[in-house]
Amino acid sequence: MTQAEIKLCSLLLQEHFGEIVDKIGTHLIRTGSQPLRAVVHDTGTSLDQVKKALCVLIQHNLVTYQMHKRGIVEYEAHCSRILRILRYPRYIYTAKTLYSDTGELIVEELLLNGKMTMSAVVKKVADRLTETMEDGKTMDYSEVSSTFCRLADTHFVQRCPLVPDPPESADAQPPPPAPTLSINEKDMYLVPKLNLIGKGKRRRSSDDDAAGEPRPKRAKQTAESKEPIPDDGIYWQANLDRFHQHFRDQSIVSAVANRMDQTSSEIVRTMLRMSEITTSSCAPFTQPLSSNEIFRSLPVGYNISKQVLDQYLTLLADDPLEFVGKSGDSGGGMYVINLHKALASLAMATLESIVQERFGSRCARIFRLVLRKKHLEQKQVEDFAMIPAKEAKDMLYKLLSENLISLQEIPKTPDHAPSRTFYLYTVNSLSAARMLLRRCYKSIANLIERRQFETKENKRLLEKSQRVEAILASMQATGAEEAQLQEIEEMITAPERQQLESLKRNVNKLDASEIQVDETIFVLESYTESTMKRA
């Protein structure tokens, strides 16, 4: 665990959950698994606050617990899961792209709350959609429920593990200090049969109803008269690994489109779509697919003949990048997508791009050359790259000092005499990817700190702007005249308006930069994970 990762985790926890949760979460990241009493003692926080913070972290799957041999429950924070908070906007946008506004709000609610029952999600989303509709229009629970089922069918949402029912003979035994959660794999995407009838409701602005009954009393009465929840105890969460699989597939399709053409990318997209449920997210290859199956699964209206498809598949299989491989001849030819090779190619392209941006095109040429040839002596680098000896030497040492390439010594004699030793330059792609990952984490931490600083510096102006907007909204709702609205708008002066525009522009740039850096992190992370699983 690097300092850059710990710092970024701390910033994310503080921004999303507050100081106490940040304190407990960061402490667990630094120390590893610890029992409750040790956390209370080491952090100097009250027992009640530590319990609440751990509840929040467990609810969002950022901390897990397990029984120690001595019967003590230990809590452990997972840095990789905390770092996924960075990707929340991307998950939500993906759900919107695939399943429109309803899918977006379902995933957003699950990410905001960690775990929720299906009935609670459906009602909350229906209410939120109803509020955005015109007067007189409402959103049916059945529509939201059908979108939820589609998300479950494509594995974008999944059930949370449950506490298994105790055996009947164990009535007299005391319950364990911590329950063991489990779930059958076949039940993870099984949607409960709910008969949700109703429509979304709009929030009322008045605190009292027509009869003058206060809201808290009404809320209490409705809570008492509630029927039991039909899916009580069946909780759902967003399946982030499935979203990552979708991001990976989109990156592969985009890379094929850039390298070849749109038709090739559409064929690869079809193959990935056919394999998305049958292939595990960590598998190095997709399941073999026959040419006939691919032809039948191409999108409706995509007018290419079987003969043209076979030509494209042959071209893809013969491509040096080896994104697509041929695994047999039955069914017109069996084809697979080599996911590990695809991720490696994307990661290497990212490394080359970073070298070019930081050190120029000549350094990138040397880096690319060493990457392709595996091992080269300094004289060979000069000759192959066609760069003068002095310049080539400077560039090689620059890349060496940045840990982007490494030097391997191969002695001809046991005494390691320099005159009788080969010095070969090579690229250790895994260590280079890890080094760049650490830099990316540091960059995002700097971007978050800068955004927080910009917001803090203009806090007074932002509060004033929010107050003015609230007054304008309430006056528009009561039907105020144009002159009155103009007078309220003039409370913010021209220089202040200019300052607000500048702040908005800067914050948008910082947000966009965060998302772009996270895209690089995703490619490098996927490559390192895939390489480690193959090792």
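Author: Axes here are lines fitted to C-alpha atoms, for helices over the stretch in contact, and the angle between two of them runs from 0 to 180 degrees between N-to-C directions. Two packed helices are described by that angle and by the distance between the axes. The model is a predicted one.

The part to look at is the pair formed by helix α1, residues 3-17, and helix α2, residues 19-31. Their axes come within 8 Å and cross at roughly 155 degrees. Angles over 145 degrees count as roughly antiparallel, so α1 is roughly antiparallel to α2. The crossing in which α1 passes α2 is right-handed.

On the α1 side, the contact is made by Gln3, Ile6, Cys9, Ser10, Leu13, Gln14 and Phe17. On the α2 side, Glu19, Val21, Asp22, Gly25, Thr26, Ile29 and Arg30 take part. Sorted by kind, the residues of this contact comprise six nonpolar, five polar and three charged.

A second pair can be read in the same terms. Helix α7 (residues 118-132) packs with helix α8 (residues 141-153) at an angle of about 125 degrees, and their axes are 9 Å apart. That angle makes α7 oblique to α8. The crossing of α7 and α8 is right-handed. From α7, the contact draws on Met118, Val121, Val122, Lys123, Val125, Ala126, Asp127 and Leu129. From α8 come Tyr141, Val144, Ser145, Phe148 and Cys149. The residues of the contact of α7 with α8 divide into ten nonpolar, one polar and two charged.

Now the rest of the chain. The protein has 21 helices and eleven strands. Its C-alpha atoms fill a box of roughly 95 × 65 × 65 Å along the principal axes. Of the 535 residues, 42% are buried. The accessible surface comes to about 30,600 Å², and carbon and sulfur atoms hold 51% of that surface. Among contacts with a separation of 6 or more, 64% join residues 24 or more positions apart.

Asn458 sits in the loop between α18 (429-457) and α19 (459-477). Its relative accessible area is 10%, and a residue is buried when that value is under 20%, so Asn458 counts as buried. Leaving aside residues up to four places away in sequence, Asn458 touches Gln499 and Leu503.

Lys374 belongs to the loop between α15 (361-373) and α16 (378-385). With a relative accessible area of 54%, Lys374 is exposed. Its phi is near 75 degrees, a positive value in a residue other than glycine. Asn403, in the loop between α17 (389-401) and β10 (406-411), also is not a glycine and has a positive phi of about 65 degrees.

Asn184 lies in the loop between β5 (157-159) and α9 (215-224). Asn184 counts as partly exposed, at 45% relative accessibility. Along the chain, Asn184 and Asn258 are 74 residues apart, and their C-alpha atoms are separated by 41 Å.

To return to the part in question: α1 and α2 are roughly antiparallel, with a right-handed crossing.

Notes. Residues are numbered from 1 along each chain as its sequence is written. This is a predicted model: local features need pLDDT of at least 70, side-chain atom pairs count only at pLDDT 80 or more; totals for chains, interfaces and linings use all residues. Side-chain values use heavy atoms; hydrogens and water are left out. Helices (H or I, at least four residues) and strands (E, at least two) are DSSP runs, numbered from the N terminus. Angles under 35 degrees count as roughly parallel, over 145 as roughly antiparallel, 65 to 115 as roughly perpendicular and the rest as oblique. A crossing is left-handed if the near helix is turned anticlockwise from the far one by less than a right angle, and right-handed if clockwise. Contact means heavy atoms within 4.5 Å. Ala, Val, Leu, Ile, Met, Phe, Trp, Tyr, Cys and Pro count as nonpolar, Asp, Glu, Lys and Arg as charged, and the others, Gly among them, as polar. Buried means under 20% relative accessible area, exposed over 50%, partly exposed in between (1.4 Å probe, protein chains only). Accessible areas come from the Shrake-Rupley method with a 1.4 Å probe; for residues, only the protein chains shown count as cover.
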